[in-house]
Amino acid sequence: AFTAFVAVHYLLHGEVASAAVAMGATAFCFGFVVPQIKIVLGRIVPRVQSDSGGTTFRPDVGIDIPMQVAVSGGVLACLLILILLSMGRLAIPVPPNMRYSLPFLTAIIFALGAATLWRTLLRGSTSYVRLTAKGFEVAQGWRPQRGEWVSVKEIAAEAPLPQKQAPGAIVFVMSDDETLTVVAGAYTPDGAALRDLVRFYWQHPDARDELTDD
């Protein structure tokens with residue numbers, strides 16, 4: 001709300017570029033706040049795509065798109081800050097102790113944000129869970145992680161202690177005791193329905209053809 005007020009203030013004073021910086025910051029903030037409303041209300045429905053290779057589950061569009069807007073807003077704000085600072089045209093006051101650190105920090109955030117947007121563009125969403133007849137693929141970090149059903153020892157809601165617990169999780173416990181945790185709260189309420197579905201196909205090999213026949 002504060003950054004939105006700042007955006008309107010500078011827009012009314014003719015500082016369009018600085019207003020755009022505040023608008024980017026506003027998009028960043030609200031992009032992370034809006035999804036929480038759907039999560040609290042429990043109105044979460046995954047997007048599902050099926051092909052001859054398997055079935056892919058993606059986060060609810062009402063969560064995924066705002067997250068992408070948030071990152072886009074942050075990238076835009078950082079890019080404009082870098083440009084305006086170099087031209088001496090940033091109307092938004094910069095504390096003296098951040099005169100040199102701000103360009104460095106915004107450059108890092110811009111680079112990471114731009115890479116995240118590019119990764120999301122290639123994947124089609126911020127993350128996904130793909131199930132096939134042979135195994136699974138999870139993309140939620142920089143690189144997709146894969147595993148085979150025969151190597152899975154358990155599908156759990158919590159990782160074995162003392163690992164940090166993630167709410168609404170799907171935990172693949174592998175035969176070598178390694179774990180792969182999927183934060184599934186953006187797919188179904190508390191991740192429960194998707195976790196049950198993954199567990200079902202792990203326990204019922206004879207039903208896995210359903211994953212490839214639409």
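A residue is noted here as buried when its relative accessible area is under 20%. I am working from a predicted model.

**Entry 1: strand 7**

I started with strand 7, residues 169-174. How many of its residues are buried? I found six of the six residues of strand 7 buried, so the strand is largely enclosed by the rest of the structure.

I then looked at the two faces of strand 7. In a regular strand the side chains alternate between the two faces of the sheet. On one side I noted Ala-169, Val-171 and Val-173, and on the other Ile-170, Phe-172 and Met-174. These residues are all buried, and both faces of strand 7 are covered.

Next I looked up the partners. Strands of a sheet pair through backbone hydrogen bonds, either parallel or antiparallel. Which kind of pairing is found in this sheet, parallel or antiparallel? The pairing is antiparallel, and the three strands form an open sheet in the order 6-7-8. Strand 6 (152-156) and strand 8 (179-183) each have a single partner strand, so they stand at the edges and one side of each is left without a neighbour in the sheet. On average, neighbouring strands of this sheet are turned by 15° against each other, direction ignored.

I followed the pairing of strand 6 with strand 7, where I found four bridges. Ala-156 stands opposite Val-171, and Ile-155 stands opposite Phe-172.

Strand 7 is joined to strand 8 by five bridges, again running antiparallel. Here Ile-170 has Val-182 of strand 8 as its bridge partner. Strand 7 and strand 8 form a hairpin, with four residues between them. In the turn I noted Asp-177, which has a positive phi of about 70°.

**Entry 2: helix 5**

What packs on the sheet? I found helix 5 there, touching strand 6 and strand 7. The direction of helix 5 makes about 155° with that of strand 6.

Helix 5 covers residues 192-203, and Gln-203 is found in it. I noted Gln-203 as partly exposed because its relative accessibility is 46%. I also checked Gln-203 against Ala-91: they are 112 residues apart in sequence and 61 Å apart in space, C-alpha to C-alpha.

**Entry 3: helix 2 and helix 3**

I moved on to a pair of helices. Two packed helices are described by the angle between their axes and the distance between the axes. For helix 2 (residues 16-41) and helix 3 (residues 61-87), the angle is about 160° and the axes are 7 Å apart. That makes helix 2 roughly antiparallel to helix 3. I recorded the crossing of helix 2 and helix 3 as left-handed. Sorted by class, their contact has 20 nonpolar, six polar and one charged residues.

**Entry 4: Asp-51**

Where is Asp-51? I found Asp-51 in the loop between strand 1 (47-50) and strand 2 (54-58). Its relative accessibility is 37%, so I noted Asp-51 as partly exposed.

Which residues does Asp-51 contact, leaving aside its neighbours within four places in sequence? I listed Arg-130, Leu-211 and Thr-212. Asp-51 and Thr-212 are 161 residues apart along the chain, and their C-alpha atoms are separated by 5.7 Å.

Terms used:
Residues are numbered from 1 along each chain as its sequence is written. This is a predicted model: local features need pLDDT of at least 70, side-chain atom pairs count only at pLDDT 80 or more; totals for chains, interfaces and linings use all residues. Side-chain values use heavy atoms; hydrogens and water are left out. Axes are lines fitted to C-alpha atoms, for helices over the stretch in contact, and angles run from 0 to 180 degrees between N-to-C directions. Angles under 35 degrees count as roughly parallel, over 145 as roughly antiparallel, 65 to 115 as roughly perpendicular and the rest as oblique. A crossing is left-handed if the near helix is turned anticlockwise from the far one by less than a right angle, and right-handed if clockwise. Ala, Val, Leu, Ile, Met, Phe, Trp, Tyr, Cys and Pro count as nonpolar, Asp, Glu, Lys and Arg as charged, and the others, Gly among them, as polar. Buried means under 20% relative accessible area, exposed over 50%, partly exposed in between (1.4 Å probe, protein chains only). Two strands pair if DSSP finds at least two bridges between them. Contact means heavy atoms within 4.5 Å.
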